Amino acid sequence: MMQPQNIKVASVSEHPSPLIVATWSFSARGCRKAFQDLTTGSSALDAVCSVAREAEADPTIDSVGFGGLPDATGKVTLDAAVMIAPERCGAACAVARHLFVTDLARKVMERTSHVMLAGEGADAFADAMDMPSTDLLSPAAAQAWRRWRVGEPIGRPVDAGPSSGQLFSSHAASARAHAPARHPMERETPHDTVGVLAIDRARALAGACSTSGMPFKLAGRVGDSSIIGHGLYVDPEAGGAVATGSGEMVMGVNGSFLAVECMRRGATPSEAVHEVLARIERRFRPQSHQQVALIALSRTGEWSAGALRSGFIVSCAQASGTEMLQPQFVMHPEEAVDGPHPADAGGKS
Ligand code: SD4
């Protein structure tokens, strides 16, 4: 397990060697492994899928794959997307019976003439692709749902490891309990997704995104992660971007597409991320419990990350090593959504 030690600030890579960057510290282990494959000639697409798969299989991450928190009815549904170019992308959403939803999104891209499959149709397609069907609700997620249903705080277990990926602190849970709800069954809670961008030795770009979505979401809710242009966008002519956080706000501004379009028009990755977050701020006036963060990667291998609030961490693997890094900028550094997450103290492996 990677132990964060020192917090460093993300810096722009200066040389175009293979690189992989991903949201949150829980991605560091997957990035390190995937980078080794990149150096031996694996494609960027294989690398991003591998990082997403690692998170999906980890039951201690409560926002992705097995271990992901369910919707308001107690059912886990998963969303994912992959992309290497506007004409080469795939997505699956509201998947209820298959764990490796990023691989499923890739199969949609590679084995169908469609871009996106949803719900029962996506699960049926996975069956047809001989992907194993499984129960996605972990015991811990079921217990969290039962507590949420009766209004109990959902604290992190005291023995949760530093890269557990779990998102709840008792403090945040109690803050959320007082947040205004927009629907009797809807209480917005902080949430995360694994978003990955990579550039390989052939200078090809790829991106992937995978999530269980907003915890305790209304049944049927799909966020930004699996929607091309919102949670993920990649165009080899301009760059790639991934988003994490409150999907509704990202969707309102076509967040990842907007970041890539800014780079297409000459913005640096940092300027591109800033433009998206500034637009979200202007339009949504996010509440203090709401977080959005983005990573942007240019077609030449420069990258940057930014977040509305403190607490967001980027995992990055490149020739110099694998690191957990602070984003280059935080719009409101004085505000931490969940307080500093024990998993997100930063450091180098
Ligand atoms: C969503 N942004 O569904 C995505 C992923 C996420 O917890 O943050 N999930 O809103």
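Let's start with A144, which sits in helix α5 (residues 139-149). This is a predicted model, and in it A144 is buried, because its relative accessible area is 9% and the cut-off for buried is under 20%.

**A144 and its surroundings**
- Which residues does A144 touch, once you skip those up to four places away in sequence? They are L69, I154 and F216.
- F216 is 72 residues from A144 in sequence, yet their C-alpha atoms are 9.7 Å apart in space.
- A144 also belongs to a second, separate nonpolar core of eight residues, which includes L69, W148 and I154 as well.

**The whole chain**
- The chain has nine helices and 15 strands.
- How much of the chain counts as buried? The figure is 58% of its 349 residues.
- Take the contacts between residues with a separation of 6 or more: 69% of them link residues 24 or more positions apart.

**The largest core**
- The largest nonpolar core has 87 residues.
- Inside this core, I20, I295 and W303 are the residues with the most contacts.
- Which element gives this core its largest share? That's α2, with seven residues.

**Where α2 meets α3**
- Helix α2 covers residues 44-57 and helix α3 covers residues 101-111.
- The axes of these two helices come within 8 Å and cross at roughly 145°.
- On the α2 side, the residues in the contact are L45, D46, C49, A52, R53 and E56.
- On the α3 side, they are V101, T102, D103, R106, M109 and E110.
- Sorted by class, the contact of α2 with α3 has six charged residues, five nonpolar ones and one polar one.
- Here's a handy bit of background: an α-helix has 3.6 residues a turn, so residues three or four places apart point the same way.

**T23, a buried residue in a strand**
- T23 is in strand β2 (residues 19-23).
- Is T23 buried or exposed? T23 counts as buried, because its relative accessibility is 0%.
- Leaving aside neighbours within four places in sequence, T23 is in contact with T193, V194, G195, V242, T244, I295, F312 and I313.
- One of those partners, I295, is also among the residues with the most contacts inside the largest core.
- A polar atom of the T23 side chain lies 2.8 Å from the backbone nitrogen of G195.
- L197 is 174 residues from T23 along the chain, and the C-alpha atoms of the two are separated by 9.2 Å.

- D235 is found in strand β8 (residues 232-235).
- This charged residue is buried, with a relative accessible area of 7%.
- Which side chain makes a polar contact of 2.9 Å with the side chain of D235? It's the side chain of R264.
- A polar atom of the D235 side chain also lies 2.9 Å from the backbone nitrogen of E237.
- Not counting residues up to four places away in sequence, D235 touches P86, L205, V260 and R264.

- Why is helix α8 (residues 255-264) described as largely enclosed by the rest of the structure? It's because eight of its 10 residues are buried.
- Those buried residues are G255, S256, L258, A259, V260, E261, C262 and M263.
- Their cover includes the strands β8, β9 (239-245) and β10 (292-298), along with the helices α7 (247-252) and α9 (269-284).
- Just after α8, G266 takes a positive phi of about 110°.

- For context, most residues other than glycine have a negative phi.
- A94, in strand β4 (residues 88-95), has a positive phi near 55°.
- A94 counts as partly exposed, because its relative accessibility is 24%.
- R203 lies in the loop between β6 (194-199) and β7 (205-211).
- R203 isn't a glycine either, but its phi is positive, at about 70°.
- With 30% relative accessibility, R203 counts as partly exposed.

Methods
Residues are numbered from 1 along each chain as its sequence is written. This is a predicted model: local features need pLDDT of at least 70, side-chain atom pairs count only at pLDDT 80 or more; totals for chains, interfaces and linings use all residues. Side-chain values use heavy atoms; hydrogens and water are left out. Axes are lines fitted to C-alpha atoms, for helices over the stretch in contact, and angles run from 0 to 180 degrees between N-to-C directions. Helices (H or I, at least four residues) and strands (E, at least two) are DSSP runs, numbered from the N terminus. Contact means heavy atoms within 4.5 Å. A nonpolar core is a set of buried Ala, Val, Leu, Ile, Met, Phe, Trp, Tyr and Cys residues joined through side-chain atoms within 4.5 Å. Buried means under 20% relative accessible area, exposed over 50%, partly exposed in between (1.4 Å probe, protein chains only). A polar contact is a pair of N or O atoms within 3.5 Å; within protein, one must be able to donate a hydrogen and the other to accept it, and residues adjacent in sequence count only if both atoms are side-chain atoms.
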